[in-house]
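Reader: I have a structure on my screen and would like to talk it through. Could you walk me along it, one question at a time?

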Amino acid sequence: MEFFCYHRDRAGSLPLRVELGEAHWAYMDRYEAELIARGPTFGADGETPTGSVHIVDLPDPAAARAFAFDEPNYQAGAYRDVLIRRWRNLLGRTMWEFPGGRTGGKRYLVLGFGSADDVDLDVPDDLREDLIAYGPLLSDDGAVWVGTAALVRAADAEAAGAVLTRDAYAGVEVHDWEFGGRR
């Protein structure tokens, strides 16, 4: 089962994140084979971390919650909250298999939070070459669509947000994002 996890930073937590950097890396190293995508999000300055994305393939919701809540930064209070949702990998690949690689162009996390009707359930063909990860956010049992999450290469935040049918969502967030993991 695939899960989307987004840990959102608590204000002022950067020193704690720096202090726990190696503990975070070591923890994520344990999940290297299960990770589909990972990486930090950043504030408007493009420098200050605001969160951490992990898309991971784990046996069940309990394993996903343990993954998210046992993470060292979460345990130490660096994060204010975490979004955990079932997810479906519509591209069928990891971020490391993205043909565009780590460099060239800006990268974004786009989150669409569902409203009444399921939308964007298929990969938009005209944007496929710029999609790093794409799929629906689902209820714990996988039966109910609750939104869409995408990692996308785009010229700017507005172009990144255009990957979703904006008017069909209760809310859409676009965050600067970059590839994570040890280089």
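**Strands and salt bridges**

Author: Happy to! Arg65 has a relative accessibility of 37%, so it counts as partly exposed. Please keep in mind that this is a predicted model.

Reader: Which residue forms a salt bridge with Arg65?

Author: Arg65 sits in helix α3 (residues 61–69), and its partner is in the loop between β6 (131–138) and β7 (145–154), 75 residues apart. The closest N and O atoms of the pair are 3.7 Å apart, and the partner is Asp140.

Reader: Is Arg80 buried or exposed?

Author: Arg80 forms a salt bridge with Asp81, with 3.0 Å between the closest N and O atoms. Asp81, at 27% relative accessibility, is partly exposed. The cut-off for exposed is over 50%. Arg80 has 55% relative accessibility, so the word for Arg80 is exposed.

Reader: Which strand holds Lys106, the partner of Asp176?

Author: Asp176 and Lys106 form a salt bridge whose closest N and O atoms are 3.8 Å apart. Asp176 belongs to strand β8 (residues 171–177), so the pair ties together parts 70 residues apart in sequence. Lys106 is partly exposed at 40% relative accessibility, and its strand is β5 (residues 106–113).

Reader: Let's turn to the strands. How many of the 9 residues of strand β3 are buried?

Author: Strand β3 covers residues 49–57. A residue is buried when its relative accessible area is under 20%. Strand β3 is largely enclosed by the rest of the structure, because its count of buried residues is 7.

Reader: Which residue in β3 stands opposite Phe4?

Author: Strand β1 (residues 2–9) pairs with β3 in the antiparallel sense, over 7 bridges. Within β3, the residue opposite Phe4 is Ile55.

Reader: And which residue takes a positive phi in the hairpin of β2 and β3?

Author: Strand β2 (residues 35–42) runs antiparallel to β3, and 7 bridges join them. Among the facing residues, Arg38 stands opposite His54 in β3. The hairpin has 6 residues between its strands, and the residue with a positive phi near 75 degrees is Gly46.

Conventions
Residues numbered from 1 in each chain as written. Predicted model: local features only at pLDDT ≥ 70, side-chain atom pairs only at ≥ 80, totals over all residues. Heavy atoms only, no water. Buried < 20%, exposed > 50% of the residue type's maximum accessible area, 1.4 Å probe, protein only. Helix = DSSP H or I, 4+ residues; strand = E, 2+ residues; numbered from the N terminus. Pairing = 2+ DSSP bridges. Salt bridge = Lys/Arg side-chain N within 4 Å of Asp/Glu carboxyl O.
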